[in-house]
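Reader: Please take a close look at a single part of this model for me. Keep it brisk, and give the cut-offs as you go.

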Amino acid sequence: PYRTHVSGLARSAVHKQEGHKCYVEELEIGHFFREHGCSVAWVSLLVDKRCGRSRGFAFVDFDDEASFEKALALNGLEHTPGIQLDERSGGRFQVSPAKPSRQTPGSEEANGGRPEEAARSPTTTEA
């Protein structure tokens with residue numbers, strides 16, 4: 001898959017999508033990219049379990065290279081309808097190619113054993 005690292009997101013409380021295991025915020029991120037012509041496979045918003053707040057970044061997988069390139073072109077946006085941005089990061093939507101993940105023994109998925117959860121959200125469900 002074509003994976004991006006999305007940062008600059010607000011570190012706000014997250015909300016579970018009723019009837020799903022994903023967060024509403026993941027659906028909003030997926031919707032935003034689809035509105036810009038991207039074919040989104042998955043959105044994974046990292047959340048601090050201790051306080052139930054976003055860690056301020058997500059990983060987004062795209063189905064094809066064209067979508068990946070369109071997503072990268074959105075880097076630096078200040079206006080992102082439906083997505084809250086963190087003013088501490090300059091209020092900019094930041095999209096970059098994701099670095100390969102490191103797995104540690106005993107970690108689930110590629111979360112590296114950190115205490116936050118990486119909820120994997122298929123983005124085919126509309127909010």
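A strand and its rings

Author: F59 is partly exposed, at a relative accessible area of 21%. The cut-offs: buried is under 20%, exposed is over 50%, partly exposed lies in between (1.4 Å probe, protein chains only). The model is predicted, so local features need pLDDT of at least 70 and side-chain atom pairs count only at pLDDT 80 or more, while totals for chains, interfaces and linings use all residues. Residues are numbered from 1 along each chain as its sequence is written, and side-chain values use heavy atoms, with hydrogens and water left out.

Start with the strand. F59 belongs to β3, where it is the bridge partner of H5. F59 is also the bridge partner of S44. Strands (E, at least two residues) and helices (H or I, at least four) are DSSP runs, numbered from the N terminus. β3 covers residues 53-62 and pairs with strand β1 (residues 2-7) in the antiparallel sense, over six bridges. Pairing here asks DSSP for at least two bridges. Strand β2 (residues 40-48) also runs antiparallel to β3, joined by seven bridges. Four residues lie between the strands in this hairpin of β2 and β3. There, G52 takes a positive phi near 70 degrees.

How many of the 10 residues of β3 are buried? Seven are, so the strand counts as mostly covered.

V60 in β3 is the bridge partner of T4. T4 has a partner in β4 too: P97. β1 and β4 are antiparallel and share four bridges.

Now β2. V47 lies in this strand. Its relative accessibility is 2%, so V47 counts as buried.

Next, the rings. The structure holds six aromatic pairs. Rings of Phe, Tyr and Trp (its six-membered ring) pair if their centres lie within 6.5 Å; planes under 30 degrees apart are stacked, over 60 edge-to-face, the rest tilted. One of the pairs is F32 with F93, edge-to-face, at 5.1 Å centre to centre and 70 degrees between the planes. F32 lies in helix α1 (residues 24-35) and F93 in the loop between α2 (65-72) and β4 (94-97), so this pair ties together parts 61 residues apart in sequence. Both F32 and F93 are buried. F59 pairs with F57: the centres are 6.1 Å apart and the planes stand at 90 degrees, so this pair is edge-to-face as well. F57 is buried at 19% relative accessible area, whereas F59 is partly exposed at 21%. Ring pairs also link F32, F33, F62 and F93 into a cluster.

Follow F32 and F33 into their helix. Buried residues of α1 are E25, E26, L27, I29, G30, F32 and F33. The 12 residues of α1 should span 16 Å, and the end C-alpha atoms are 16 Å apart, which agrees. That expected span is 1.5 Å times one less than the number of residues. After α1 comes G37, with a positive phi near 85 degrees.

One ring meets a charge. The charged end of K16 sits over the ring of Y23, 4.5 Å from the ring centre. The test: NZ of Lys or CZ of Arg within 6 Å of the ring centre and within 35 degrees of the ring normal.

For contrast, look at a loop. P100 sits between β4 and β5 (117-122). P100 is exposed, with 78% relative accessible area. P100 and R3 are 97 residues apart in sequence, yet their C-alpha atoms are 9.1 Å apart.

Last, the whole protein. It has two helices and five strands. In sequence order the pattern is β-α-β-β-α-β-β. Of the 127 residues, 41% count as buried. Take contacts (heavy atoms within 4.5 Å) between residues at least 6 apart in sequence: 67% join residues at least 24 apart. The protein exposes about 7300 Å², and carbon and sulfur atoms supply 49% of that. The areas come from the Shrake-Rupley method with a 1.4 Å probe; for residues, only the protein chains shown count as cover.
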